[in-house]
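Q: Can we go through this model together? I'd like to start with its pockets.

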Amino acid sequence: ITALSGPSGSGKTSVLVLLLGLARLAGGEVKVDGVSFPMGSSLANSIAYVRQTPWLFEGTLVENVRIGRPEASDEEVMSVLARVGAVHLAAAEVGGLGRSIGRGGQGLSGGERQRIAIARALLRDARIWLLDEPTAHLDDAAEADLLQLLCTHAAERTIIVATHSVGLLRAADSVVLMPSSERLAA
């Protein structure tokens, strides 16, 4: 687990977006495993990306989770929901896996939207996870559960986390301190 730490505006999210191939580098270079990463290249096929404010579309819960792997079975979806502490979202009294999700996750808390996005990442089983402030909408207990989940999966994949969370910084194997924008301007 590598944590990107620094004040807001220091470029943490920009690093994640560069690795996705969704931004242009203004200067310098990006290296992956010591090899220059060509401009316009993307690691997107190997990545599960969890945004700070996860994108959810109007549809069912199962459709929103399966976007990580469309052919996944209902049992696999329930398994990842359980692993992220979100199985309650698929309870029978709220519609089960067919529960309606409003546009943008309307009707769900920020933490619930975050858990759905992390469930997608688990289901996708990508080799690289890019997580942008994954604990921002979680309470202390949910953050502790997420930290345990990340530590469990870190041996099998690369996890890069943009964070302000002290707990995530402590759990990280390495921390990259991003410069403040004031230092960049000087």
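A: First, the term: on a 1 Å grid over the protein atoms alone, a pocket is an open set of points where a 1.4 Å probe fits, with protein on both sides within 12 Å along at least five of seven lines. Lining residues have an atom within 4 Å of a point. This is a predicted model, and totals for linings use all residues, while local features need pLDDT of at least 70 and side-chain atom pairs pLDDT 80 or more. Residues are numbered from 1 along each chain, and side-chain values use heavy atoms, without hydrogens and water.

Q: How much space lies in the second largest pocket?
A: About 160 Å³. Volume here is the space filled by probe spheres set on the points.

Q: Which residues line that second largest pocket?
A: Leu19, Lys31, Val32, Asp33, Leu43, Ile128, Thr158 and Ile160. They divide into five nonpolar, one polar and two charged. Ala, Val, Leu, Ile, Met, Phe, Trp, Tyr, Cys and Pro count as nonpolar, Asp, Glu, Lys and Arg as charged, and the others as polar.

Q: And the largest pocket, how much space there?
A: About 300 Å³. Its lining has 13 residues, and Tyr49, Val50, Trp55, Ile67 and Arg120 lie nearest the centre.

Q: New topic. At what angle do helix 3 and helix 4 cross?
A: Roughly 125 degrees, with the axes coming within 9 Å. Helices are DSSP runs (H or I) of at least four residues; axes are lines fitted to C-alpha atoms over the stretch in contact, with angles from 0 to 180 degrees between N-to-C directions.

Q: Which residues make the contact?
A: Glu76, Val77, Val80, Leu81 and Arg83 of helix 3 meet Ala119, Leu122 and Leu123 of helix 4. Contact means heavy atoms within 4.5 Å.

Note on methods. Helices (H or I, at least four residues) and strands (E, at least two) are DSSP runs, numbered from the N terminus.
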